[in-house]
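Keep the picture open as you read.

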Amino acid sequence: MSARSRRPGTASSQTPNECVQVVVRCRPISNKEQSEGSEEVVAVYPNRGVVEITNLSDANKEQTKMFTYDAAYDAGATQINLYNEVVFPLVSSVLDGFNGCIFAYGQTGTGKTFTMEGVRGHEELQGIIPRTFEQIWLHINRTENFQFLVDVSYLEIYMEELRDLLKPNSKHLEVRERGSGVYVPNLHAINCKSVDDMLNVMHIGNKNRTVGFTNMNEHSSRSHAIFMIRIEMCDIETNTIKVGKLNLIDLAGSERQSKTGASAERLKEASKINLALSSLGNVISALAENSPHVPYRDSKLTRLLQDSLGGNSKTIMIANIGPSAYNYNETLTTLRYASRAKTIQNKPVKNEDPQDAKLKEYQEEIERLKRLIAPKQQQRTEKTAKKRQRKPKKEKVSNEVVQQEIEESEEEPESDKENEAEVAKSNEELERERVETAKLATKLAELESQLVRGGKNLLDTYSERQLELEKKLVEIAERKKREIEIQQQLELQEETTLEIRETVTSLEQEVELKKRKLSKCYAKYLALQQELNDCKYDHNQDLRELEMAQNELVKELKRQLLIIDNFVPVEVKQRLYTQAKYDEEQEEWKFSSTPLTGDSNYLAKRPVSHPQRRRPISEYALMEAKTNTTSALRFKNENIVSYELEMPCRTTQEYRSPKVSASLQAVLAQAMQTGDDIDIVDSHTNSIRSRLENIINASANATAAQATANNSPTTPNGVSSMPVAAARNIKPGRGIASPGSAIDSNRRPPTGRVAPKNLHRLTRKLAAWLISKSGRITENPYFSNILIQIQRLNS
Ligand SMILES: Nc1ncnc2c1ncn2[C@@H]1O[C@H](COP(=O)(O)OP(=O)(O)OP(=O)(O)O)[C@@H](O)[C@H]1O
């Protein structure tokens with residue numbers, strides 16, 4: 001329990017925050033409930049302040065609910081025990097100048113009125129209110145050097161209307177607020193000077209209280225009754241005043257209209273009662289949740305309880321419940337509200353030297369009256385004494401001044417008339433004064449009678465032994481309270497221990513689980529390690545294979561480079577290198593299709609034979625290029641060996657497309673048919689021409705010699721076969737391969753010998769044609785090679 005929010009106990013001048021003290025009292029099962037066979041569902045553990053409630057009707061719900069309070073009382077608890085243990089300290093605080101409030105809350109018929117008022121005329125069954133009277137007056141009678149002023153009021157809230165139970169016909173009452181708290185102006189207060197006075201007031205009020213009959217309770221309170229006690233205390237020595245205010249509230253019971261079997265009037269009452277109680281529940285909830293807005297203004301009840309709930313009062317809530325299963329839901333609701341109310345914090349304030357203290361007013365008035373009466377009495381006494389001195393010999397002595405004055409006037413006859421008038425006047429005056437003084441004296445007596453002087457009749461009321469007994473009772477109550485607290489703390493510790501144990505158990509389970517997981521993980525780890533080793537092994541294998549492949553490739557590359565270095569002209573190689581571009585997408589080297597700048601002559605130089613090709617290419621080459629044989633390499637686009645020119649090296653049969661110009665074909669056809677010589681028209685290069693002429697001549701001579709030697713006739717169709725044979729022996733490319741080379745033999749299988757005569761004729765014609773074209777082809781470096789080959793063929 002923190003210092004900020006301790007539970008109320010003995011009175012203290014310091015006023016730390018204090019929680020509302022919540023006590024639960026369970027009444028015994030009633031005869032009606034018993035006869036109906038209703039089971040008991042409430043178990044109370046007074047030594048622990050615990051209440052348990054079991055739901056028998058719904059098996060699915062949580063079976064037993066447990067609530068802990070500041071104190072719990074079962075059916076066997078006596079009124080005196082409850083009072084001594086719970087209420088006594090609070091009333092002591094009130095007698096020390098604090099505000100206090102005790103209210104009984106609960107379902108109808110659960111014993112609120114029984115707890116607050118008890119059974120009339122039955123000493124043991126007296127409730128809290130009459131016992132409070134006794135405690136107050138016992139205190140007053142014991143306290144010396146104190147003056148007390150005790151006023152009581154009694155009001156009820158019926159159908160949301162305030163009614164003065166001590167003056168039932170009084171006008172409409174309202175709740176007002178001022179600095180010191182809420183109050184009801186014009187509420188009748190009766191001054192009390194004893195326990196009996198207070199009991200009388202209570203009984204008068206109870207007679208006026210609205211009660212009715214319901215199914216739940218024969219004498220059901222249909223209103224919220226508030227018995228207000230105001231005790232003003234003045235220390236005579238220090239002249240300081242304290243005011244203690246105590247509100248004792250017996251609330252109307254919350255009820256289910258279906259259960260109460262109420263009439264129309266009862267239903268109206270019940271709806272108002274429930275409304276006020278639900279607003280009380282809302283206030284409790286708002287305070288428990290520390291809500292910024294507390295709906296005090298929702299009902300008259302909550303407005304009156306404003307100081308008691310979250311205000312400057314010490315408060316006890318007594319939650320009354322019944323044990324029957326029939327009222328399970330209502331009991332549970334009460335227990336829940338009570339549990340919430342435990343968290344409400346109040347800040348009790350001691351009412352010292354209040355401005356509105358009646359006692360002060362009374363004291364001042366008494367003083368004033370005394371001051372008024374005293375000089376008059378003095379005057380009278382003096383006058384009387386004077387007259388006695390003047391007429392000491394007179395036998396007739398009267399106490400009355402008027403009489404003396406008359407006697408005096410009789411003795412002096414000469415001034416009779418004057419004296420008579422004077423006497424009459426003074427008589428009147430004296431009479432008036434006397435009446436006035438008498439009035440003041442009565443008023444003074446009246447005021448003085450309202451103030452009770454403490455410390456009187458102490459021994460009359462209680463003997464020493466009784467006092468001792470009382471002390472012991474309070475001590476016992478205190479001890480019990482401490483016991484409950486200790487018990488609750490123990491339980492809390494037990495719970496904590498249990499929780500720790502559970503945690504430990506769950507930790508052990510967790511460890512076990514983790515161990516299992518760990519061993520699984522370890523097995524996985526081993527498998528993974530094995531896999532890793534396998535991967536490493538595979539990787540090394542791959543690496544070795546790659547290295548071997550790389551070595552092979554390097555070797556191959558070296559061979560290719562060797563070939564390139566030795567067979568590809570430097571300028572071509574250079575060009576190819578610059579022309580080659582790496583295609584990132586396809587990941588391969590490619591030759592760019594556009595001619596390189598600075599080298600544009602290169603493509604322009606080349607004869608264009610196919611519209612989409614970069615260089616002249618034959619159908620045969622196209623076909624070959626599609627195959628993947630090694631021999632097809634030379635037909636691929638970038639055949640470095642025959643890069644520059646694809647020579648027309650086809651046979652007449654294979655040579656289908658008109659790659660040779662029409663004029664040349666016509667010439668050749670004519671030459672073959674006629675066998676005539678071809679005129680050499682163009683002669684740019686004399687050397688070539690002369691060499692060709694030599695070839696032609698040599699060929700002609702050789703043909704003639706051959707014809708003579710063999711005397712063999714020429715084949716009738718030799719003309720058509722001769723070029724084929726000749727063409728078959730001509731090797732395309734940069735150089736003409738030797739007739740015996742492998743590549744040549746693969747590509748051009750020999751089909752038979754060609755007659756020398758025809759051969760020479762063809763050679764002659766070819767040479768002649770070449771001479772005719774020499775102007776365009778002499779620059780070609782391969783052209784001379786062809787000539788050499790033709791020469792060779794010819795020879
Ligand atoms: N602790 C108790 N011991 C014995 N009898 C009790 C106890 N509490 C209540 N009773 C009895 O139960 C009945 C109903 O009690 P009471 O009238 O005090 O209930 P209530 O809560 O004030 O009801 P309502 O809200 O309707 O006014 C009464 O006959 C009363 O004597």
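A nonpolar core is a set of buried Ala, Val, Leu, Ile, Met, Phe, Trp, Tyr and Cys residues joined through C-beta atoms within 7 Å. Buried means that 20 or more other C-beta atoms lie within 10 Å of a residue's own; exposed means 12 or fewer, partly exposed is in between, and C-beta atoms are placed from the backbone.

This is a predicted model: local features need pLDDT of at least 70, side-chain atom pairs count only at pLDDT 80 or more, and totals for chains, interfaces and linings use all residues. Residues are numbered from 1 along each chain as its sequence is written.

Q: Which residues of the largest nonpolar core touch the most other members?
A: Val-24, Ile-102 and Met-317 do, in a core of 98 residues. In general, nonpolar side chains tend to be buried together in soluble globular proteins.

Q: What is Met-317 in contact with, leaving aside its neighbours within four places in sequence?
A: Contact requires two C-beta atoms, placed from the backbone, within 7 Å. By that rule Met-317 is in contact with Val-20, Val-22, Phe-103, Tyr-105, Ala-338 and Ala-341.

Q: How many of the protein chain's residues count as buried?
A: The share is 30% of 795 residues. The chain's secondary structure comes to 23 helices and 22 strands. Helices (H or I, at least four residues) and strands (E, at least two) are DSSP runs, numbered from the N terminus.

Q: Why is Thr-108 called buried?
A: Thr-108 has 25 other C-beta atoms within 10 Å, so the label is buried. Thr-108 is found in the loop between strand 7 (99–106) and helix 3.

Q: Is Gln-107 buried or exposed, and why?
A: Gln-107 also has 25 other C-beta atoms within 10 Å, so Gln-107 is buried. Gln-107 is in the loop between strand 7 and helix 3.

Q: What makes Gly-111 count as buried?
A: Gly-111 has 23 C-beta neighbours inside 10 Å, so it passes the cut-off. Not counting residues up to four places away in sequence, Gly-111 touches Arg-25, Arg-27 and Asn-320.

Q: Which residues does the UniProt annotation "binding site" cover?
A: The unreviewed UniProt entry lists Gly-106, Gln-107, Thr-108, Gly-109, Thr-110, Gly-111, Lys-112 and Thr-113. UniProt positions are given in the numbering used here, feature names are shortened, and annotations may be inferred rather than shown by experiment.

Q: How many residues surround the ligand, and which are the closest?
A: There are 17, and the closest are Arg-27, Gly-111, Ser-220, Ser-221 and Gly-253. A residue is near a molecule if its C-beta atom, placed from the backbone, lies within 6 Å of it. Helix 3 (112–116) gives the most to this shell, with three residues.

Q: How many residues of each class are in the shell around the ligand?
A: Three are nonpolar, twelve polar and two charged. Ala, Val, Leu, Ile, Met, Phe, Trp, Tyr, Cys and Pro count as nonpolar, Asp, Glu, Lys and Arg as charged, and the others, Gly among them, as polar.

Q: Why is Glu-160 called exposed?
A: Glu-160 has 12 other C-beta atoms within 10 Å, so Glu-160 is exposed. Glu-160 has a positive phi of about 65° although it is not a glycine. Most residues other than glycine have a negative phi.

Q: What makes Asn-186 count as exposed?
A: Asn-186 has 12 C-beta neighbours inside 10 Å, so Asn-186 counts as exposed. Asn-186 has a positive phi of about 70°, and is not a glycine either.

Q: How many bridges join strand 8 to strand 9?
A: Four bridges join them, and the strands run antiparallel. Two strands pair if DSSP finds at least two bridges between them, so the two strands count as paired. Leu-155 stands opposite Asp-164 in strand 9.

Q: In what sense do strand 3 and strand 4 pair?
A: Strand 3 and strand 4 (residues 50–54) pair in the antiparallel sense, over four bridges. Tyr-45 has Val-50 as its bridge partner in strand 4.
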